[in-house]
Amino acid sequence: MKDIIEVKVSNNCNLNCKHCLWKHKDNSVMDMNILRNILSQNSNIKKVYITGGEPMIMHPDSLLLFDKIIDDYQYIDWNIATNLCYPLHSYQINILKKMN
């Protein structure tokens, strides 16, 4: 079983980069309970890459649940691919600070 996973949490993005592979954009967001289930069923996971679209423009409720997941799985090396071109609120900044 792999110990590294990549999770695409959103199709939405605030940019329209020519080089981007994700041309299809919509407002769909991954249910964070799916991520929680994956982690609870795979104790061997040591690193998680969070990607999108732009992960930081998820609905605030999704981000708060994601924050809780990070707290519950502190042994995991969390990484996020973000363009940081979106105005961040303090709770989003706190989530980024918890990641490596």
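**Briefing: an open parallel sheet and an aromatic pair**

Asn-44 sits in the loop that connects helix H1 (32-41) with S2, where helices (H or I, at least four residues) and strands (E, at least two) are DSSP runs numbered from the N terminus. This is a predicted model, in which local features need pLDDT of at least 70 and side-chain atom pairs count only at pLDDT 80 or more, while totals for chains, interfaces and linings use all residues. Residues are numbered from 1 along each chain as its sequence is written, and side-chain values use heavy atoms, with hydrogens and water left out.

- Asn-44 is partly exposed, with a relative accessible area of 24% (buried means under 20%, exposed over 50%, partly exposed in between, with a 1.4 Å probe and protein chains only).
- The C-alpha atoms of Asn-44 and Tyr-86 are separated by 33 Å, and these residues are 42 residues apart along the chain.

**Sheet**
- Three strands, in the order S1-S2-S3, form an open sheet with parallel pairing, two strands being paired if DSSP finds at least two bridges between them.
- Strand S1 (4-8) and strand S3 (77-80) are the edge strands, each of which pairs on one side only.
- Strand S2 (residues 47-51) runs parallel to S3 and is joined to S3 by four bridges, and Tyr-49 stands opposite Asn-79 in S3.

**Aromatic pairs**
- The whole structure contains two aromatic pairs (rings of Phe, Tyr and Trp, the last by its six-membered ring, with centres within 6.5 Å; planes under 30 degrees apart count as stacked, over 60 as edge-to-face and the rest as tilted).
- Phe-66 and Trp-78 form an edge-to-face pair, at 5.7 Å centre to centre and with 85° between the planes.
- Because Phe-66 lies in helix H2 (residues 60-72) and Trp-78 in strand S3, this pair ties together parts that are twelve residues apart in sequence.
- Phe-66 and Trp-78 are both buried.
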